[in-house]
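Q: Hi! Could you walk me through this model, starting with the ground rules?

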Amino acid sequence: MTAPLTIRVAEAADVDSLLALVHSAYRGPSGREGWTSEADLIDGPRTTRELLAADVADPSISVLVAGDLLGCAAVTHEAGASTASFGLFAVRPGLQGGGVGSALLAAAEDHARERGATVMEMLVIDRREELIAWYERRGYARTGESRPFPYGAEGVGEPRDDDFRFAVLAKNLGR
């Protein structure tokens, strides 16, 4: 990246483009162009149009968009809570490794801080060691907690194995 990346909050008109971005980064042949694909772990859609539209409309969720839909991430923060959640992180596969993800993660952390969060938490499929290591290099640490994978839930796809767990990672955002 050479120029500063603009980050904005998604609007309802962005939903279809965001859906295409998320699917391209997480699943299918285009996801294999990047290094963060789940295509070898999970089949089917990463989310649905309805779920994504609900997230964009939810006042406790800010779906952030980087540049001209180069990437996105969701920050969920309930009013008064000290912990925000990070998710729906996607960068166009051909741009991964170029700084868009790092800039978007930093913007998401700033966004959470501005809303009063002191901790950012995320869930990562525990067998995605390379991705977990990327987050650790950015100050996140495993909490030692794990959570069950939501098998059968709408918008998570069809896992190829029946033993997925989420590793919980967290970072103190300072104040």
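A: Happy to. The expected span of a helix is 1.5 Å times one less than its number of residues. Helices (H or I, at least four residues) and strands (E, at least two) are DSSP runs, numbered from the N terminus.

Q: And what kind of model is it, and what counts toward the numbers?
A: It is a predicted model: local features need pLDDT of at least 70, side-chain atom pairs count only at pLDDT 80 or more, and totals for chains, interfaces and linings use all residues. Residues are numbered from 1 along each chain as its sequence is written, and side-chain values use heavy atoms, with hydrogens and water left out.

Q: Great. What span should helix H4 have, and how far apart are its end C-alpha atoms?
A: Helix H4 covers residues 100-114, so at 1.5 Å a residue its 15 residues should span 21 Å. The end C-alpha atoms are 21 Å apart, which agrees.

Q: Which residues of H4 are buried?
A: Here buried means under 20% relative accessible area, exposed means over 50%, and partly exposed is in between (1.4 Å probe, protein chains only). In H4 the buried residues are Val100, Gly101, Leu104, Leu105, Ala107, Ala108, Glu109, His111 and Ala112.

Q: What comes after H4, with a positive phi?
A: Glycine 116 follows H4, and its phi is positive, near 100 degrees.

Q: Which residues other than glycine have a positive phi?
A: Leucine 69 has one of about 55 degrees although it is not a glycine, and leucine 88 has a positive phi near 50 degrees.

Q: Where do those two sit, and are they buried or exposed?
A: Leucine 69 lies in the loop between strand E3 (61-66) and strand E4 (71-76), and it counts as buried at 14% relative accessibility. Leucine 88 lies in strand E5 (residues 83-91) and is buried too, with a relative accessible area of 9%.

Q: Switching to helix packing: how is a pair of helices described?
A: Two packed helices are described by the angle between their axes and the distance between the axes. Axes are lines fitted to C-alpha atoms, for helices over the stretch in contact, and angles run from 0 to 180 degrees between N-to-C directions.

Q: OK, so what are the values for H1 and H3?
A: Helix H1 (residues 15-26) and helix H3 (residues 49-57) pack at about 120 degrees, with their axes 10 Å apart. The two are therefore oblique to each other: angles under 35 degrees count as roughly parallel, over 145 as roughly antiparallel, 65 to 115 as roughly perpendicular and the rest as oblique.

Q: Which residues meet there?
A: From H1, Val15, Asp16, Leu18 and Leu19 meet Arg49, Leu52, Ala53 and Val56 of H3, where contact means heavy atoms within 4.5 Å. The residues of this contact divide into 6 nonpolar, no polar and 2 charged. For the classes, Ala, Val, Leu, Ile, Met, Phe, Trp, Tyr, Cys and Pro count as nonpolar, Asp, Glu, Lys and Arg as charged, and the others, Gly among them, as polar.

Q: What about aspartate 55, where is it found and what does it touch?
A: Aspartate 55 is found in helix H3 and is partly exposed, with a relative accessible area of 27%. Not counting residues up to four places away in sequence, aspartate 55 touches Ile61 and Val63.

Q: Then valine 63: which strand is it in, and what is it in contact with?
A: Valine 63 lies in strand E3 and counts as buried at 2% relative accessibility. Leaving aside neighbours within four places in sequence, its contacts include Arg8, Leu18, Asp55, Val56 and Leu88.
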